[in-house]
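User: I'd like to learn how to read a structure like this one feature by feature. Could you take me through it?

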Amino acid sequence: MAVFELPGWTALAPALILAVTGLVLFVFDSISPNSTNRSLLAGTAAGGALVSLAVAVWFTFAGVGTPTVDGGLGEISILGGQLVVDQLALYFMIVVAIVTALITVASYDYLVDHTYQAEYYSLIILAATGMSLMAAANSLVTIFIALELASLPSYALVAILKDNRGSVEAGLKYFLIGALSSAIFVYGISLVYGATGHLQLENIAAVISGGDVDGYGGLLGLGILMLIGGFAFKTASVPFHFWAPEAYEGAPAPVSAFLSSASKAAGFVIAFRVFTTAFPLGETTALIGVEWTHAFIILAIVTMTVGNFAAATQDNVKRMLAYSSIGHAGYALIGLAGLTADGGEFVMGAAMMHLLVYGFMNTGAFLFVGLAERWEVGRTFEDYNGLSTQAPVACAAMAVFLFSLAGIPPFGGFFSKFFLFMGAIEASAETTAMLAVAAALVVNSALSLYYYSRLVKALWIEEPSTTRDRLAQPTGLYAAIIVAAVMTVVILPGFGPVVDTALEAATAIVG
Amino acid sequence: MMIEALLAVALVGALVTFVAPNRIAGKLAFAISLVPAALSLWMFAAFDGSGNALLDGTLAFESQVEWIDLGSYTISWFVGLDGISLPLVVLTTILTSLAIMSSWTPIDNRESQFYGLILFIEANLIGVFAALDFFLWFIFWEAVLIPMYLLIGIWGGPRRKYAAIKFFVYTNVASLLMFGAFIALVLGLGDGVTSFALPEVANAMLNGGPDGLFGLEGTTLASVVFVAMFLGFAVKVPVVPFHTWLPDAHVEAPTPASVLLAGVLLKMGTYALLRFNFTMFPDQVETYAVPIAAIAVISVIYGAMLALAQTDLKRIVAYSSVSSMGYVILGLVAYTQFGIGGATFQMVSHGLISGLMFMAVGVIYNATHTRLVTDMSGMADRMPVAVGILVAGAFGYMGLPLMSGFAAEYFIFFGAFGAGFDYAPLFTALAMFGIVLVAGYLLFALQRAVFGPYRLETDYEVSRAPLHDIAPMFVLLGIIIALGVAPDLIFEMITDAVDPILENGGEL
């Protein structure tokens, strides 16, 4: 395969393609700042995302990043190990590219009368570049840079409806909390650097394993705790979750979809990489006195419970989805909570699968809300009453997303939750507390059916409270929603390859 | 590949129907549903399996492909039919076609969605009976809930929202219980099993059983799992005291949904009991035989007495289903060839008869817009054919010889009378008393509603039902009589699949 002869940096192509796309969008905007060609802008953005997706998928199948012992081409280390392209990186690049493609296609219709379209698309693509880089970042410095590259455009995106008070307020809140958590994250990095003298993840691990950190265990522990804080912000987990409902509600729906799916996945990939590579469980525990998995066990249980209970009490659909997104961060946290000193690749693989499926079902659900916003039907459950009589196909897709989010077979969400459950049970052989996590997963899933089915009921069973005009069927939004729905369903027969890819990636990083 | 073809036709048909124009949806769905019906009849004729699917039997139309590898467990696409599941698949496909035809009159809004959901439910029901991997089976099992929830919720009667959510919550909670129990069992079996394939799990259960899990002894774990799965399935069947969702769901559901609900969905529960509890846990069946038999008899008698107290024709038929399902449980717990064979025969027979009854009640309701026995009198004058079929169905329920109901109940009583557990003859005698009650409430209701001088409190013009309402009922009546005259049409293959179960306990 031709991939052999290329220089190493080309392995970053999925991220680089996004970066170039972002710049091209800027060029379009500078050539004619006063006119807006919606098709060109949306087409370029979506095209860039799709090419990035195609390249990442091709790399995965061509064996780029796959360890040579498994017959692949080996992990590719770039800039002296600051960035690394392995299976884990490619997997999350795929997730990010999928979500980006879906929302750029959907934005074509959502932004019909919007003034700042070029800016919107270039910010989306730049944020996606940052997320893609987060997947490959292998040192605390590159992680922080990629994180900020993803975050800064996101703040602007949330506030992009400049005339909408809710949007601006949400953007400000998101920015303030983001700035705070970034500060905590950087402080954590400095503490870890102080304790170990290194920023690159493997070197940190080598120092920890070599026993050179004696006496700085407390410092290291505090640093790790602060890093967890940074991850919690990016993944919308407790205790830095409270920005999410505000930001998702105020932001345009495609941006909410983007943040709650892609941004969350990117947050998880750095958490996966940092904790499996830099802080080997056994040795780190010997230094700081507690297993860091315990922190994730507590965070997982609290996050899923908080998210689901809060979601159950909402009347506003978007807020409900925002809290449900917090709940799902709790499910994915099981992937870190279930790690053990000598294993846990299965539970981490399950969390990765959950994030992929979530990329379809959650994006789709938020895009449906975007469609409803475009129809101007209102924001509460009651406002959605009886929509299926007018738009059966979109409502059928929404029912698929909601049942999948609730974990009802035959949809993808059932699979990933089942694997998480099995992984948690498996891990409970080592850590009994994982049984509580498994129980929390089941109880929360059962609870979540209550509020998800409430929306299905509103869409399908309730009578419309007011007579509505004929609802438009915008092509782009419809296409994105239907693709997301089809993927949520066919991920089921296709789950074999996905499972293999995720498990191999997890094994490579954990083992 | 035959089973895959059945599923594919139903699923693709569901999608096509869902987006078809309302005007043609009913006819289109009927035409599509004829394909699985014809295919399944061909499969019935070409059936070459023998033995029990879980116990080293030869499967017909088997296909097994590894699907997902979880490291310590593999999940396969594993489907196949034996003498127990094939009749139920045929029942499903035929009943679906007939239910679709019987919907042409009553369903007059959002037709394409309605018929799409019916075909979707058909696919999942076929899947439930054909799947032999627990994971795959559970997907089909749960996926039945969603379309049924929508069918009741959208096209149902006045209290449809309440009935739909009650149905969904009841059966879903029960499924979770059963699901958790089975996963615990597989984990408890340890290295003995490497997949969720039911034959492998059954084999491991019969050769040693679980090692224990979470500090529970192996035998205790087996008992806990047995009870939890029994409870999970009992809700679906349903048996007293878990039956309260059934009358609500039935009464509110539109007629075609009732036909499928009573005809096939209830059989999911008894089929699962047979496949899991009564095949994999012979020792526990022996231990818990008396309480289970008591539950069965209580369901028979209490269900019949509830039916006796109703004045709504649909409610009468709904409660009588509780009673009939009690017979199935009694037959299963008897653990004899005629007991379990009769129970399986009763699943098919009750599917046909209750489907017929719901259709007949539906046809009368279409014309009169009332189902209350107290509102009607002398309906036989105005709707002779529909009423004639209703009476014939009622006699099938009562167990008139030469109809399938007679054969089923005879087998069950014969099998249960000679069963090995304590007080088996007493339980059987008590259950037989249920027949008297059935005759009582059905004849009483018929006497008031259909005979005597014509009188009806309604503004509607009551006239004969159209042919497409009547035809499906004649088809069902024909099958009911055929099975009554020649039970061996299916009983032979059923007993062939039942016998291997009894080699592990019980008596032939």
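User: Let's start inside. Which residues touch the most other members of the largest nonpolar core?

Analyst: Keep in mind that this is a predicted model. The general idea first: in soluble globular proteins, nonpolar side chains tend to be buried together. Here the largest nonpolar core holds 446 residues, and those touching the most other members are A:V96, A:M134, A:I334, A:L367 and B:L330. Helix α14 (residues 345-375) of chain A contributes the most to this core, with 21 residues.

User: Take B:L330 from that list. What is B:L330 in contact with, leaving aside its neighbours within four places in sequence?

Analyst: B:L330 contacts B:A293, B:A296, B:V297, B:I412, B:A416, B:F427 and B:A431, once those neighbours are set aside.

User: And B:L476, is that one buried or exposed?

Analyst: B:L476 is buried, because 28 other C-beta atoms lie within 10 Å, and 20 or more is the cut-off for that label. B:L476 sits in helix α20 (residues 467-485) of chain B. Not counting residues up to four places away in sequence, B:L476 touches B:L98, B:L352, B:G355 and B:L356.

User: Now the helix pairs. How do I describe two helices that pack, and what are the angle and axis distance for α1 and α2 of chain A?

Analyst: Two packed helices are described by the angle between their axes and the distance between the axes. Helix α1 (residues 13-31) and helix α2 (residues 38-62) of chain A pack at about 170°, their axes being 8 Å apart. Angles over 145 degrees count as roughly antiparallel, so α1(A) is roughly antiparallel to α2(A). On the α1(A) side, the contact is made by A:A13, A:P14, A:I17, A:L18, A:T21, A:V24, A:L25 and A:F28. On the α2(A) side, the residues include A:L40, A:L41, A:G48, A:V51 and A:V55. By class, the contact has 13 nonpolar and four polar residues, and no charged ones.

User: Moving to where the chains meet, how many residues of chain B are in contact with chain A?

Analyst: There are 23 residues of chain B in contact with 22 residues of chain A. On the chain B side, β1 (60-69), α5 (134-143), α6 (145-155) and α7 (160-188) each supply at least two residues. α7(B) gives the most, with seven residues. The chain B side divides into 14 nonpolar, five polar and four charged residues.

User: How should I read the overall fold? What are the helix and strand counts of chain A, and those of chain B?

Analyst: Chain A has 19 helices and two strands. Its radius of gyration is 22 Å, close to the 24 Å given by the globule rule for 511 residues, so chain A is as compact as a globular protein of that length. Chain B has 21 helices and six strands. A compact globule of 508 residues would have a radius of gyration near 23 Å, and the 22 Å of chain B agrees.

User: Last topic, the backbone. Which peptide bond is cis in chain A, and which in chain B?

Analyst: Most residues other than glycine have a negative phi, and most peptide bonds are trans. In chain A, the bond from A:V238 to A:P239 is cis, with omega near 5°. A:P239 is in the loop between α8 (217-235) and α9 (243-250) of chain A. In chain B, a cis bond with omega about 10° joins B:V240 and B:P241, and B:P241 lies in the loop between α9 (218-236) and α10 (245-252).

User: What about phi for B:R110 and B:H369?

Analyst: B:R110 has a positive phi, near 50°. B:R110 is in the loop between α3 (85-103) and α4 (111-130) of chain B, and is partly exposed, with 18 other C-beta atoms within 10 Å. For B:H369, phi is near 60°, again positive in a residue other than glycine. B:H369 is found in the loop between α15 (337-368) and β5 (376-377) of chain B, and is partly exposed, with 13 other C-beta atoms within 10 Å.

How values were computed:
Residues are numbered from 1 along each chain as its sequence is written. Chains are lettered from A and ligands numbered from 1 in the order in which they are written. This is a predicted model: local features need pLDDT of at least 70, side-chain atom pairs count only at pLDDT 80 or more; totals for chains, interfaces and linings use all residues. A nonpolar core is a set of buried Ala, Val, Leu, Ile, Met, Phe, Trp, Tyr and Cys residues joined through C-beta atoms within 7 Å. A residue is buried if 20 or more other C-beta atoms lie within 10 Å of its own, exposed if 12 or fewer, and partly exposed in between; C-beta atoms are placed from the backbone. Helices (H or I, at least four residues) and strands (E, at least two) are DSSP runs, numbered from the N terminus. Two residues are in contact if their C-beta atoms, placed from the backbone, lie within 7 Å. Ala, Val, Leu, Ile, Met, Phe, Trp, Tyr, Cys and Pro count as nonpolar, Asp, Glu, Lys and Arg as charged, and the others, Gly among them, as polar. Axes are lines fitted to C-alpha atoms, for helices over the stretch in contact, and angles run from 0 to 180 degrees between N-to-C directions. Angles under 35 degrees count as roughly parallel, over 145 as roughly antiparallel, 65 to 115 as roughly perpendicular and the rest as oblique. The radius of gyration is taken over C-alpha atoms; the globule rule is 2.2 Å times the number of residues to the power 0.38.
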